Amino acid sequence: MEKQVNRIGVLTSGGDAPGMNAAIRAVVRSALGRGIDCIGIRRGWNGLISSDFIRMDTSSVSHIINKGGTLLYTARSDEFRNVSGQDKALATCKLLGLDAIVAIGGDGTFRGALDLSRRATEVGYQLQVAGIPATIDNDIGCSHYTIGFDTACNTAIECIDRLRDTMQSHERCSIVEVMGRRAGFLALYVGISVGATAVLIPERELNFEHDIVEKIRRARLAGTTHYMVVVAEGAGNTMDISRQIHEEVGIDPRVTVLGHIQRGGAPSARDRETASRMGYEAVKALSENRGNCVVATQEGHMVVLGMEEALQMTKKLDMDRYQILEALTNNCGTLR
Ligand code: F6P
C-alpha cells in the first residue's frame, strides 16, 4: 500500500554547483506548502550515516536564493557505497520518520539514492527518493540541463575576457584549463563564447598538429597576434600542451587553471529559475507517490523520469557546436 509522504529529507551531494541553494529553498517551501515536514541532511550521504541534520522551516531558506555553494554542505561518501553504510543511513531515516529524500547532485548522488531506496525495500521500509540534477559539468545523461552550468560558463567567460586583455597587449597565447574531467560541455560552450582559437575536450582524441598548431598558424595568417586555447580538465595536461606549443610554434604561452572558481558565485537567472522549478516538481512527484524519480529537462521541458531509466540514459556532446567554433574563429587563413 502506498504510504502518504509526511516528512522528507533534503541533501546535496558531490561537487557543489551554483543554484543548489535555490533548489533547497524550493524543496523546503514546496514541501511546507503541502503540509510536509522537511529535514535538512548535512554533508551529503555522510550526514544520513552520522545523523547530521537540521529542521528546515520557511525562514531557514530565506535569503539563500542568490547564494552560491550549499547551506547544507556537501561531501562524497565512500561509506555509503556499502550496505553497512546504507543501513546506518536507513537507521537515521527511521529515527527521523523520513518517508522520502530529495537528493541534489550528479549521477553518483542518484545512484546512491536508488541503492538506499532498494535497500529500504529489502528491509521492509518504504522510502521514496527523488533526484535533482546539479553539476557545473552538465554531464548527467537524463537531463539536457543541469543546475550550475550556466553560472559556471559565465564565470569562466568573465575570467577569460580579463585574460584576453593582457594576452592582447602582450601578443601572447593563453592556455586556460576549465573544469570537466570526463565531459567537454563547459569547455565547448565557453570556447564558442570567448571565440577561442582552439578547444580541447575529452570526447575527442587530441591531434596536436591539427587541433592546435594549425589553428594557431591559421589565426596568425589571418592577422591575429594573440591566441586563446581552452582545455577541458580531462583533455590533456596544460603544462605539456604549453611546452609543445613553444617547441612547435615558437611562442611562449601562459597557463591559467580556473579551477574551483568556476564552482562558486551567485547563481545566474537560469540556474535560480531551473532550480526553483526542479525543487517544486520533485516535491510534487513525491507527494503524488511518483517517487524513485529524477526531475530533468528535455527539449526545454521539465519532465519526471523513473530513476532507473534516468541512470541508464547517456548524453553526447553536440559535435555540431565544435564545427561552429571552427567556422567562427580566426582559422580562415590558408596554410601552404
Ligand atoms: O563538480 C564537478 C567537478 O567540478 C569536475 O569538473 C571536477 O573534475 C571535479 O568536480 C573536481 O572535484 P573536487 O575537486 O571537488 O573533488
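Visitor: How many residues has helix H1, and what span does it reach?
Guide: H1 (residues 20-33) has 14 residues. The reach is 20 Å from first C-alpha to last, close to the 20 Å expected at 1.5 Å a residue. That expected span is 1.5 Å times one less than the number of residues. Helices (H or I, at least four residues) and strands (E, at least two) are DSSP runs, numbered from the N terminus. This is a predicted model: local features need pLDDT of at least 70, side-chain atom pairs 80 or more, while totals for chains, interfaces and linings use all residues. Residues are numbered from 1 along each chain, and side-chain values use heavy atoms, without hydrogens or water.

Visitor: Why is H1 called largely enclosed?
Guide: Because 10 of its 14 residues are buried. Buried means under 20% relative accessible area (1.4 Å probe, protein chains only). Among them are Met20, Ile24 and Val28.

Visitor: What covers them?
Guide: The cover includes strands S1 (7-12), S2 (37-41), S4 (100-105) and S5 (128-133), plus helix H9 (269-287).

Visitor: Switching to Gln128. Buried or exposed?
Guide: Gln128 counts as buried, at 13% relative accessibility. Gln128 is found in strand S5.

Visitor: Which side chain makes a polar contact with the Gln128 side chain?
Guide: Asn289, at 2.9 Å. A polar contact is a pair of N or O atoms within 3.5 Å; within protein, one must be able to donate a hydrogen and the other to accept it, and residues adjacent in sequence count only if both atoms are side-chain atoms. Contacts of Gln128 (heavy atoms within 4.5 Å) beyond four places in sequence include Val5, Ile101 and Leu286.

Note on methods
Buried means under 20% relative accessible area, exposed over 50%, partly exposed in between (1.4 Å probe, protein chains only).
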